Amino acid sequence: MTAAACYADRAWHGAVAVVENVRLARDTYRVRFECPELARRIVPGQFVMLRLAGQNDPLLGRPLALYDVVLDADGTPRDVDLVYLVMGKLTGKLSHFVPGQLLEVWGPLGNGFAPRAAEHLIMVAGGIGQTPFLALAKEYLGRQRYGESARPAAPGGRVTFCYGTRSRDYLAGLDDFKQAGVELRVSTDDGSAGHHGLVTDLLKQCLEENATRRHACGVVCCGPEPMMAAVAEMTRQARVPCQVSLETPMACGIGICFSCVARVRDDAGGWDYRRTCVEGPVFDARAVAFD
Ligand SMILES: Cc1cc2nc3c(=O)[nH]c(=O)nc-3n(C[C@H](O)[C@H](O)[C@H](O)COP(=O)(O)OP(=O)(O)OC[C@H]3O[C@@H](n4cnc5c(N)ncnc54)[C@H](O)[C@@H]3O)c2cc1C
Ligand code: FES
């Protein structure tokens, strides 16, 4: 289990104004809101719960991962960026929001990614599972610091991003990742961009290329559950440490309702339910019971 300090009772809760809401790709948008309280505390892999202020439909908040923190002219964290795929009620309505409209937000929530000593970070994302990885890559490569007690960058670190989507229309934020210094490898199910096939093919290739340097590699993964299960198995066989960020549906986001539980193995070989919102969403891939 990763150990970044975050407790739901320390979460900030309030209304924030939308600064920007721009389309990045098919059905995919980046919303930016001003919230220095959140911006200075949130770390890669953490998330916020979001509601549309003053609206009761949908009633429950929805979890969205940190995409990035925007600094003001003095270098002070000011805005928070989230990237979302239009799935249902909240994201559908949010896609029509314009600057000045209000959102209700609480966070930062969850544990976030553990900082790792690995020299080579391999990020594997399926679809909208890419959202937690921009901030992680920037932190890893020493481009930006996140959180109140800044975590160390990986000196001389290298980041490869294996990113798979259904088709090229859904590829979002490629320029953000390139500007951050990330090596990008893309796959699409229909072959319209990059490798024609699964994102796990890209990971396989990456692990083969690094066959003699696996001790220096670490993998992080987020996306559809079958893909995360496959990545967990591949990294287990390759003996490369892997963290997965689960996207379990959530109702409260703060540990009260138990709607977000996942089966996680314990050290004694048994398993128990863990709340993804407070004990996750990031788990050691070997501990998650995907079957
Ligand atoms: C920690 C965490 C971080 C997340 N980060 C992001 C993010 O950065 N960007 C993003 O776009 N989404 C993210 N999600 C997923 C997002 O919260 C859901 O897709 C959310 O339900 C969308 O709300 P909605 O009201 O638009 O759709 P809803 O009306 O809630 O749901 C639409 C459809 O999606 C299904 N559904 C809901 N949640 C999930 C899920 N987790 N997995 C599979 N199917 C689901 C529902 O059953 C329904 O069929 C994250 C989820 C978690 C737990
Ligand atoms: S969402 Fe309520 S306990 Fe996790």
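**Figure 1. Proline 58 in the loop between strand 3 and strand 4.** Proline 58 belongs to the loop that runs between strand 3 (47–52) and strand 4. The peptide bond joining aspartate 57 to proline 58 is cis, with omega at about 5 degrees. As in every view that follows, the coordinates come from a predicted model.

Figure 2. Proline 108 has its place in strand 7, which covers residues 102–109.

**Figure 3. The hairpin of strand 5 and strand 6.** Strand 5 (residues 68–71) pairs with strand 6 in the antiparallel sense, and four bridges connect them. Within this pairing, leucine 71 stands opposite proline 77 of strand 6. Five residues lie between the two strands of the hairpin, where glycine 75 takes a positive phi near 85 degrees.

Figure 4. The protein chain is divided into domain 1 (8–109) and domain 2 (120–287). A distance of 21 Å separates the C-alpha centres of domain 1 and domain 2. Domain 1 gives 26 residues to the contact, and domain 2 gives 26 residues as well. On the side of domain 1 that touches domain 2, two or more residues come from each of strand 1 (12–25), strand 3, strand 4, strand 5, strand 6 and strand 7. This side of domain 1 comprises 19 nonpolar, three polar and four charged residues.

**Figure 5. The shell around ligand 1.** Ligand 1 lies between domain 1 (8–109) and domain 2 (120–287), because both domains give residues to the shell around it. The residues around ligand 1 number 23, and those that come nearest are Tyr84, Gly88, Leu90, Thr91 and Thr131. Strand 4 (62–65), strand 6 (77–85) and helix 2 (89–94) each supply at least two residues of this shell. By class, the shell around ligand 1 consists of 15 nonpolar, five polar and three charged residues.

Figure 6. In helix 5 (residues 199–209), the buried residues are Val199, Thr200, Leu202, Leu203 and Cys206. Seen down the axis of helix 5, these buried residues fall within an arc of 150 degrees and therefore line one face of the helix. In an α-helix, residues three or four places apart point the same way, because there are 3.6 residues a turn. On the other side of helix 5, Glu208 and Glu209 are exposed. The cover over the buried residues of helix 5 includes strand 8 (120–126), strand 9 (158–165), strand 10 (183–188), strand 11 (195–196) and helix 6 (225–238).

Figure 7. Arginine 239 is part of the loop between helix 6 and strand 13 (242–245). Although arginine 239 is not a glycine, its phi is positive, at about 60 degrees. Arginine 239 counts as exposed because it has 9 C-beta neighbours inside 10 Å, and a residue is exposed if that number is 12 or fewer.

**Figure 8. Phenylalanine 258 in the loop between strand 13 and strand 14.** The loop that holds phenylalanine 258 runs between strand 13 and strand 14 (261–265). Phenylalanine 258, a residue other than glycine, has a positive phi near 60 degrees. With 11 C-beta neighbours inside 10 Å, phenylalanine 258 counts as exposed.

Terms used: Residues are numbered from 1 along each chain as its sequence is written. Chains are lettered from A and ligands numbered from 1 in the order in which they are written. This is a predicted model: local features need pLDDT of at least 70, side-chain atom pairs count only at pLDDT 80 or more; totals for chains, interfaces and linings use all residues. A residue is buried if 20 or more other C-beta atoms lie within 10 Å of its own, exposed if 12 or fewer, and partly exposed in between; C-beta atoms are placed from the backbone. The arc is that of the directions from the helix axis to the C-beta atoms. Two residues are in contact if their C-beta atoms, placed from the backbone, lie within 7 Å. A residue is near a molecule or strand if its C-beta atom, placed from the backbone, lies within 6 Å of it. Ala, Val, Leu, Ile, Met, Phe, Trp, Tyr, Cys and Pro count as nonpolar, Asp, Glu, Lys and Arg as charged, and the others, Gly among them, as polar. Domain bounds come from an automatic or database domain assignment. Two strands pair if DSSP finds at least two bridges between them.
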